[in-house]
Amino acid sequence: MTDPRELLTVAEAAVDEAAAWLATAGGTWSTARFKASGEEVTAADVEVESRVTRVLTSRTPRIPVVGEESSTPGAPLPARCWVLDPIDGTMNFARGAPMYAVSLAYVQDGVPLVGVVEAPALGRRWTTLGGPENARPVAEDVGRAIVGVSGTGSGRSGARRALDRVQDEAYRVRMQGSMALDLVGVAEGWLDACVCIAPKPWDVAAGVALCRERGRAVLGADGTVFSLDSPVLLAGAPGVTRWLADLWESS
């Protein structure tokens, strides 16, 4: 199976399974613990990954699933695979905040081609094949741009200097606590750009597919086309994204 529409149908069925379960899961599933990496995880993260993986494995047995909670950190992606973040924004989920998402993408040769982002608490879903006509115009002038920022806990001093400049020069900065939803915001146009620091493939693959389909620029740390191993992701209106890339390189 390689047709994007068929793959999207499979992806949506898998995310349907996750959303239906999350709607009935009790509060005991949202208690957070810490992984060895220092990131928070809940029992719901593990359960959602298991349920989505089961659907994908059943429908597309020849396509491996790379999920945040079961993958080997730093391992290269297979040539073609599903990439899954069962709950992007676990800190929000664990605290009862609605800004979290199930993020699922199909990736081929390192390029996200199909994406589904579901925000269960908001009752919203975004998918590829939505078409660029659904995207709102975005600001090209950084002085009028609303910029989303996520991944700020990396501790990189250069990142802090760059973010200070963004805070000083952008119209507004927003911190939602979910890379997937920041990228949705860029794709939809409620954010003009976003900065994702130290992204993992499962954090951003689906959102990258959405942004590219809707004509947004998606760049990496060196100002070239973003790849899933880049230490930073910069997405949005081309002019603002280029400004962010130049700022990152100089910090």
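Let me start with the lining of the largest cavity: its residues divide into 7 nonpolar, no polar and no charged. The model I am describing is a predicted one, so please keep that in mind throughout.

The residues around that cavity are Ala-162, Leu-163, Val-166, Val-195, Leu-244, Leu-247 and Trp-248. Helix H4, residues 157-169, and helix H7, residues 238-250, each give at least two residues to the lining. The space inside is about 30 Å³. How many cavities of 30 Å³ or more does the structure hold? The count is 1.

The largest pocket has a volume of about 900 Å³. It is lined by 30 residues, and those closest to its centre are Glu-39, Glu-40, Glu-68, Met-91 and Asp-203. By class, the lining of the largest pocket has 9 nonpolar, 12 polar and 9 charged residues.

The second largest pocket has a volume of about 250 Å³. Its lining is made of 15 residues, and nearest the centre lie Gly-74, Ala-75, Leu-77, Pro-201 and Leu-228. Here the classes are 8 nonpolar, 5 polar and 2 charged.

Now the nonpolar core. In soluble globular proteins, nonpolar side chains tend to be buried together. In this model, the largest nonpolar core has 31 residues. Which residues have the most contacts inside it? They are Val-117, Val-204 and Leu-233. Both helices and strands contribute: S4, strand S5 (101-108), strand S6 (111-119), helix H5 (179-188), strand S10 (193-197), H6 and strand S12 (232-236) each supply at least two residues of this core.

Take Val-204 as an example. If we set aside neighbours within four places in sequence, Val-204 is in contact with Met-179, Leu-183, Pro-199, Phe-226, Leu-228 and Leu-233. Two of those names have come up already: Leu-228 lies near the centre of the second largest pocket, and Leu-233 is among the residues with the most contacts inside the core.

Last, a residue from another part of the chain. Arg-54 is found in helix H2, residues 43-59.

Note on methods: Residues numbered from 1 in each chain as written. Predicted model: local features only at pLDDT ≥ 70, side-chain atom pairs only at ≥ 80, totals over all residues. Heavy atoms only, no water. 1 Å grid on protein atoms, 1.4 Å probe; cavity = no way out; pocket = protein on both sides within 12 Å on 5 of 7 lines; lining within 4 Å. Points joined across faces, edges and corners; volume = space filled by probe spheres on them. Nonpolar A, V, L, I, M, F, W, Y, C, P; charged D, E, K, R; others polar. Core = buried A, V, L, I, M, F, W, Y, C linked by side-chain atoms within 4.5 Å. Buried < 20%, exposed > 50% of the residue type's maximum accessible area, 1.4 Å probe, protein only. Helix = DSSP H or I, 4+ residues; strand = E, 2+ residues; numbered from the N terminus. Contact = heavy atoms within 4.5 Å.
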